[in-house]
Structure formats: C-alpha cells, structure tokens
Amino acid sequence: MIPAAPLPMQPRGWQQAWRASVRDPRELLGLLGLEHEAAAVPEAAVAAFALRVPRSFIARMRHGDRHDPLLRQVLPLDEELRSVPGFGLDAVGDAAAKAGRGVIHKYEGRALLVATGSCAVNCRYCFRRHFPYAEETAAAGGWTGAVAAIAADPTITEVILSGGDPLSLATRKLAELTGLLRDVPHVRRLRIHSRLPVVLPERVDDELLAWLGDLPWPVAVVVHANHANEFDAAVDAAMAALRGTGASLLNQAVLLAGVNDSVDALADLCERGFAAGVLPYYLHQLDRVAGTAHFEVGDDRARALHAALVARLPGYLVPRLVREVPGDASKRAL
Ligand code: SF4
C-alpha cells in the first residue's frame, strides 16, 4: 500500500512578512532616502519602545519626506524622552478594571481580553506602550483563566479581543479561544480590535477567513487606520475578504498632531476607509501616556476639526470624537 502523502504545509506568508519587518531606524530611514536623518534618532527612545514596521507599510510612505504621516507614527523621536506632567503609565485605567488575567471589564456587558502583547507595528503614540504584558496576557495557560472569568459573569454578552494585536496570534490559537467561548451561553457577540489588516494585510489569509466565517456569533472587526495613505490595493482586498465572512468593519483612529490634525486629512481618511468598506467609528483624543505628548491635539482644536468634518461629510462618515476617562461608564464624547 502506498502511504498517504503528507498534507502540504500551510504557507505562512503573513508570518514571514511579519518577521521581515524593519526594526532598525537606520534601515527604515535608508529605505526612504532619509539616511541623513538617522543620527537624530534617539537610542534611548528605541530602547524604551522598539521600532517595528512591516515593509509593505513602509512602501506606502512618501520617499524623501521626513514629515510623512505614516513615518511619524512609527519613528522614535527625542520628544518621547521628555517627561510631561499629566502623562503617565496607565492613562486609561486598565489596572483598576482588571477582572482576571488579561481580562479588562470597564463597560457594561463587554469584557476585553488582552490577547497578546505582540503587534505587527509599534505605534509611537500607543496607549498600552507601558502595559505589563508579561503578567497580563489572556492567552496564557490556554485561555482558561480568561474564559473562566467570562463564564462566571452572565452580564458579559460581548467579548472584545484586543492587545497588543490579537491577530498577531496564530489562527490556531484564536480558534482555541473561540472553541472555549462557544460553551459560554451568554456570549452573543465577538469584536476584534486589530491594526493588522491595515499594516500587514497579508494576515487576512484563507485560514483566518475560514475561522471568522465559521464563528457562531455576529462579528465586528474594528481596524485602526489614522491616515488615508494607509490604504492601498492590498488593504482594500483584505477588507473585502473580511467583509465576505459577514463581519462588520469599523475604523477607530487617534487624532494625532502631524499625522491627521487637519480637516482634509480626516475627511480623506473617512472617505478612503468607506471606499474600502470600512465605516468610521471613533476618533480618539490621545490617551495621555508617557512619551506621547508631542502627538496631542488640544480639545478646542479637536472640537473645531470635528465640527468641520460634520459640516463636510454625511453623518455616517463622521466618527465620534471621544476620550477615554478612567472610571467612566463609556467613552466620553467631547
Ligand atoms: S497596533 Fe495598537 S496596541 Fe499595537 S502598538 Fe499600535 S496602537 Fe499600540
């Protein structure tokens, strides 16, 4: 008898693309024709929060432009080393809302799982850049602690996968979690917060789509793009494939000085996202996390930008302008 041929290995295209990410600021700047800027990159900022950028995201940056809005989101700067009053380590009150290992329960009916500490890109403005991922990861121990915390609270009807970036986990690992959640009768919705479909669209592969399509709950995928230039043909294809699974697609952006703090940039983002099948959801005021003060836009200016957006776009293309305030029952509208 002829032995059965081994099954072909599933290609791991996205993981290869992720591993090939640029981690050296000099290489990043060299790829953009900005090698002369390399001396200005502070080693201490890189040591405190490493640089990491997928190559396909770099390909969307403008060559030779040190003010490119995508580059600004990932390039370590001197300003990160400044200590600014009011900017701390846990700006959104994650520690006080802990409901289990890697489980954050802030809002009624919803539990957020810090699925992993990994991300495909390290955003310099990240609200969890000081989060203690080593101790607080829901995937640890085969998800059992996190699932037990959700199962024990029948008021939780929606599970939010967050991080880090939950889609940086292998699909097998995500399936392990949803396999356990299927046995929790009060879970009725799944939400996934991920920047991967934007910064590493290769992640949206057949295995991920099959997993999503097979889930027993309505699914919302909340992606994260801050500028229209983050969309390209590969991102469009990834979004179309995600929508093909029946998932609803929303975008949350952060209002960032030097990236999207103009009416034109915000309107372009909302319109470009919609062209890719993604509705605007939130425009967040920056969470006041140490090392990010140079991205902050004042509240008055934020309100003025938002009012101008309301005047320019149809209502369904205008995100809600919000701030997360620790202890509040929901995001606070500005
Ligand atoms: S993808 Fe999200 S969690 Fe990861 S570094 Fe960026 S903002 Fe932070």
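This briefing covers an annotated lysine, a helix pair and a ligand shell. The model is predicted: local features need pLDDT of at least 70, side-chain atom pairs count only at pLDDT 80 or more, and totals for chains, interfaces and linings use all residues. Residues are numbered from 1 along each chain as its sequence is written.

**Lys331**
- An unreviewed UniProt entry places "modified residue: N6-(pyridoxal phosphate)lysine" at Lys331. Such annotations may be inferred rather than shown by experiment.
- Lys331 sits in the loop between strand S9 (320-323) and strand S10 (332-333). Strands are DSSP runs (E, at least two residues), helices likewise (H or I, at least four), numbered from the N terminus.
- Lys331 counts as partly exposed because it has 17 C-beta neighbours inside 10 Å (20 or more is buried, 12 or fewer exposed, C-beta atoms placed from the backbone).
- Leaving out residues up to four places away in sequence, Lys331 touches Tyr282, Val322 and Glu324 (contact: C-beta atoms, placed from the backbone, within 7 Å).

**Helices H7 and H9**
- H7 (residues 171-181) and H9 (residues 206-213) pack at about 10°, axes 10 Å apart. Axes are lines fitted to C-alpha atoms over the stretch in contact, and angles run from 0 to 180 degrees between N-to-C directions.
- H7 is therefore roughly parallel to H9 (angles under 35 degrees).
- Thr171, Leu174 and Ala175 in H7 meet Glu207, Leu208 and Trp211 in H9.

**Ligand shell**
- Around the ligand lie Cys119, Val121, Asn122, Cys123, Cys126, Arg128, Gly163, Gly164, Asp165 and Arg195 (C-beta atom, placed from the backbone, within 6 Å).

Technical notes
Two residues are in contact if their C-beta atoms, placed from the backbone, lie within 7 Å. Angles under 35 degrees count as roughly parallel, over 145 as roughly antiparallel, 65 to 115 as roughly perpendicular and the rest as oblique.
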